[in-house]
Amino acid sequence: MNRGEFIHRHNQLVQVLCAILIGLLTGLVVSVFRLSIQHLLGFVTVSFRYFHHHPTGLIWWALASVILALILGIMTQRYPNIKGSGIPQIEGQLTSQFDEKWWPVLWRKFIGGILAIGSGLYLGREGPSIQLGAAVGQGLAESFHAGKLNRQLGIASGAAAGLAAAFNAPIASTIFILEEVYHNFSPLIWLATFVSSLCSNMVSMTFFGLQPVLAVPYHHMLPTGLYWQLVVLGLVLGLLGRFYQVIILNLDKWTGKLKWVPPYAYPVLPFLLVMPVAWYFPLTLGGGNQLITGLTNLPFSLSLFVGLFVLRFVFSMISYSSQLPGGIFLPILTLGAVLGAVYCALMVRLGLLPVRYLPNFIIYAMAGYFACISKAPFTAILLITEMVGSLAHLMPLAIVAMVAYLVVDGLHGEPVYTAMFNNFIGKHTPAVQHEVEMSVTIYAGSILDGKKIADFVWPYSSIVTTIYRGEERIIPNGQTVLAAGDTIIVHAVQTNNNQAYKRISRAAHYANV
């Protein structure tokens, strides 16, 4: 073994050890985060049971809700990097188009997420968990004075570990971060993110046990003679998924037209609306995992399921428009589950489907709705498989997910997180030029695939400093030929509109720009 190979293997071992540490710490942070939300939601439910017998207590609850909403609103407006799910911020960091300090994000997102989601707003814990994990990974990398690539690796590893701890789904979490957030599939990134996800999931299981997060019980497999129903379900989910995209991506624009309402007061309305929801429908509070697992125990009623969908859709939009820390990942899955129940109830009423397949369609619709809104079908299939805890649904999940995905694609829908990222970057790009070090993976058939470095017109002041090809680290020159699968490290001057990254990324991903 020569000196170069020894150094490479030593660096890889160090990166794996760092990934393990990031996974363990992220698992602890996110598990406490998740547990705190669970206990606070339990407190809200118990309190409203008490108010049914002592309604005067609602006055004090309303006053406390307004005060808490204003405190959280002021905090998020003063530090906007903790708004929403946090996934656009992480994508910006991983693509060198945005940066933030990890500690201010970590503690504010932790406290703000617990208070917002735990109070009963229809927000998900997965986005904040991803941002919390990324902050942990960034903090550790900076504490070890790691280089730029290792810092990116720490952020990606922490993000995957955060999602794994939130959902106990390490494989899907790794795929989601690589497919939807980082857009980088190099072996180095794969290994670190997967190791972190596994370690984080192990910590989470010690807190919450081995039962799958969305353990929807089912007793009958869908016969192949009814597979045509999956195509119809996929078409319906695709249309409603595109509708969801349009609404969620225009919320900021619509709320911005309320000039008479200061942004810090946006959370007041959803905090007050939580009260009637907690009074009449406590099962629906929070992200929705309790509703998903409890759907099969509710009365089998088309009108009830439609009502639950309308409630979840409208109030989730109101909750997200508050700009408080909280994601849309779990709310999307909840809406999908309820849509599956609506579809099944409708088909039963028409005499086209036996009622015993209700759990199946709840599971299928979760995958289909998330697949078309996020435009990440592989993540959706793996995620639902891990969260439900069964491989028996792979074929139906794949059919529903792909049909729904193709519908949204045909309607020109963007991946929702990519669209949110573009909106976020448009508001937070720096006004001056700054030097960055970016990592980009070359796709097969792209402009850079098979091209010499000297034969491509790189952006001004850009230079390829390193190429990672599998486990090989290459110091390139102008005659070095790039290949599909290479991860290139580029030192560049980034302008306020991120043209350097956009140009290199397009050349690495597409056959023509």
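Among the contacts in this protein with a separation of 6 or more, 81% join residues 24 or more positions apart; a contact means heavy atoms within 4.5 Å. The model is a predicted one, in which local features need pLDDT of at least 70, side-chain atom pairs count only at pLDDT 80 or more, and totals for chains, interfaces and linings use all residues. Residues are numbered from 1 along each chain as its sequence is written, and side-chain values use heavy atoms, with hydrogens and water left out.

Let us turn to the overall form. The protein has 18 helices and four strands, these being DSSP runs numbered from the N terminus (helices H or I, at least four residues; strands E, at least two). How does the radius of gyration, which is taken over C-alpha atoms, fit the globule rule of 2.2 Å times the number of residues to the power 0.38? A compact globule of 513 residues would have a value near 24 Å, and the protein, with 23 Å, agrees. Its C-alpha atoms fill a box of roughly 75 × 55 × 45 Å along the principal axes.

Of the 513 residues, 56% are buried, that is, under 20% relative accessible area with a 1.4 Å probe, counting protein chains only.

I close with two loop residues. Asn168 lies between α6 (148–167) and α7 (170–182), and its phi is near 55°, a positive value in a residue other than glycine. Asn168 counts as buried because its relative accessibility is 12%. Gln323 sits in the loop between α12 (302–321) and α13 (329–349), with a positive phi near 70°. Gln323 has 13% relative accessibility and therefore also counts as buried.

Technical notes
Buried means under 20% relative accessible area, exposed over 50%, partly exposed in between (1.4 Å probe, protein chains only).
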